[in-house]
Amino acid sequence: MLRELDVKEITEKVRDLCIQANHFLSDDMKKALKNAESNENSELGRKILGQLQDNLNIASEEMIPICQDTGMAVFFLEIGQDLHLTGGNLTDAINEGVRRGYTEGYLRKSVVNDPILRVNTNDNTPAIIHEEIVPGDKLKITLAPKGFGSENMSRIFMLKPAQGIDGVKEAVLQAVCDAGPNACPPMVVGVGIGGDFEKCAILAKKALTREIGTHSDIPYVADLERELLNNINKTGIGPAGLGGNNTALAVNINTFPTHIAGLPVAINICCHVNRHVSIVL
Ligand code: SF4
C-alpha cells in the first residue's frame, strides 16, 4: 500500500533545513575541528582553528551564517518507491523551500540564472537535486549547501585502468595541492572512484555528506582514506593555507563499478564549512 506525503510538508522542512545548515555545523565537523586544534603543530594553525570554532559559536548564538557564502543548495533525495507524493511537483516544492529558507533566513543569494548572462535569481533557486529511488515508503532529504571557493578547486580525472590505485592517489594529492589556500582549509575531501564521468562526480559530492570520522565498509577503500588523509596532512598547507599539519579533516571515498576501459576519479573538495543536514519524512 502506498503512503501519501503532501509536498507542502517538504517545502516547510526544506526551508528549515536551509536555515539550520547555514547556522549550525554538524557535531561531526565540530568534533573534527576540535581534534585538529588539539593536534596542530603550528601555533598560528592552532590560533586559526580556535577562531574557526569561535566563529561557529557566534553563528549559532547570534544566528549569523557561518560563512558569507551560504552556498548553492545541493540535495540528495532517497525516495521510497512506496511513497506517493501529493499536492504538487517535488522539484517545485524543494525550490519553494529553498526560496523561503534563503529569503526568510536572510541568507546570501548566490545563484545566477545563466552561466554566461549571469543575472542573480535573487532567491538562491534553482537547487541542484539528485534523486534515488529506494525500497520503502519514506523520503530522506539531505541538504549540503556548497560554497564555491572549494567547489571551484574540485577536479575530475579520467584515468587509464593501468594507472590503478597509485594513479588515484596522485590525482587526489594533485587536486588538494592545486587547491591550497583557495579551498579554505582545513578541508574535507570527497572522492568518487568508478562509474562514468558524471557518476564519479556525484559519488564524490555525496561522500562529503558522510559523517566525518567514519570509513568505507570496503577494507581497501578504508585504508586508502586513512593513507590519503595522512599524506594530505604532510603537505604542510595547513589551516587557512598558512602552514601546519591539518590540511584536511577527512577523506571520504565512494566507489562504483566502471567500464573495462576506464578509471574515472572525481575529487570534490569542501572547506571547513562542510554543511550537511538530513531528515527522514
Ligand atoms: S569555501 Fe567555504 S569557507 Fe571559503 S568562502 Fe566558500 S563557503 Fe566560506
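1. Let me start with the domain interface. The area buried between domain 1 and domain 2 comes to about 550 Å², and carbon and sulfur atoms give 71% of that area. In domain 1, C67, F76 and H130 lose the most area to domain 2, together 57% of what that side buries. Buried area here is the accessible area (1.4 Å probe) that two parts lose on being put together, summed over both.

2. A word on the model itself. This is a predicted model, in which local features need pLDDT of at least 70 and side-chain atom pairs count only at pLDDT 80 or more, while totals for chains, interfaces and linings use all residues. Residues are numbered from 1 along each chain as its sequence is written, and side-chain values use heavy atoms, with hydrogens and water left out.

3. Now the domains. Nine residues of domain 1 are in contact with six residues of domain 2, where contact means heavy atoms within 4.5 Å.

4. Which residues are around the ligand? They are C67, Q68, D69, G147, G149, S150, C184, C271, H272, V273 and R275, a residue being near a molecule if one of its heavy atoms lies within 4 Å of it. Domain 1 and domain 2 each give at least three residues to this shell. By class, the shell has four nonpolar, five polar and two charged residues. For the classes, Ala, Val, Leu, Ile, Met, Phe, Trp, Tyr, Cys and Pro count as nonpolar, Asp, Glu, Lys and Arg as charged, and the others, Gly among them, as polar. C67 belongs to the ligand shell and is also one of the residues of domain 1 that lose the most area to domain 2.

5. On to the pockets. The largest pocket has a volume of about 330 Å³. On a 1 Å grid over the protein atoms alone, a pocket is an open set of points with protein on both sides within 12 Å along at least five of seven lines, and lining residues have an atom within 4 Å of a point. Grid points are joined across faces, edges and corners, and a volume is the space filled by probe spheres set on the points. This pocket is lined by 19 residues, of which A32, N35, I212, G213 and L249 lie nearest its centre. Helix α2 (27–39) contributes the most to the lining of the largest pocket, with six residues, and α2, α8 (219–232) and β8 (248–258) each supply at least two. Helices (H or I, at least four residues) and strands (E, at least two) are DSSP runs, numbered from the N terminus. The lining of the largest pocket divides into eight nonpolar, eight polar and three charged residues.

6. The second largest pocket holds about 260 Å³ of space. Its lining has 16 residues, of which K206, A207, T209, R210 and N254 lie nearest the centre. The elements that give two or more residues to this lining are β5, α7 (197–207) and β8, and β8 gives the most, with three. By class, the lining of the second largest pocket has four nonpolar, seven polar and five charged residues. Domain 1 and domain 2 each give at least three residues to the lining of the second largest pocket.

7. How many cavities of 30 Å³ or more does a search of the whole structure find? The search finds two, a cavity being a set of points where a 1.4 Å probe fits but cannot get out. The largest cavity has a volume of about 50 Å³ and is lined by A144, P145, K146, K205, L208, C270, N274 and R275. Strand β5 (residues 139–146) gives the largest share of that lining, three residues. R275 lines the largest cavity and is also in the ligand shell.

8. The second largest cavity has about 30 Å³ of space, with L25, L33, L52, N55, L56, I66, H272 and V273 as its lining. Six of these residues are nonpolar, two are polar and none is charged.

9. Finally, some backbone details to look at. The peptide bond from T125 to P126 is cis, with omega near 0 degrees, and the one from P185 to P186 is cis, with omega near 10 degrees.

Definitions and conventions:
Domain bounds come from an automatic or database domain assignment.
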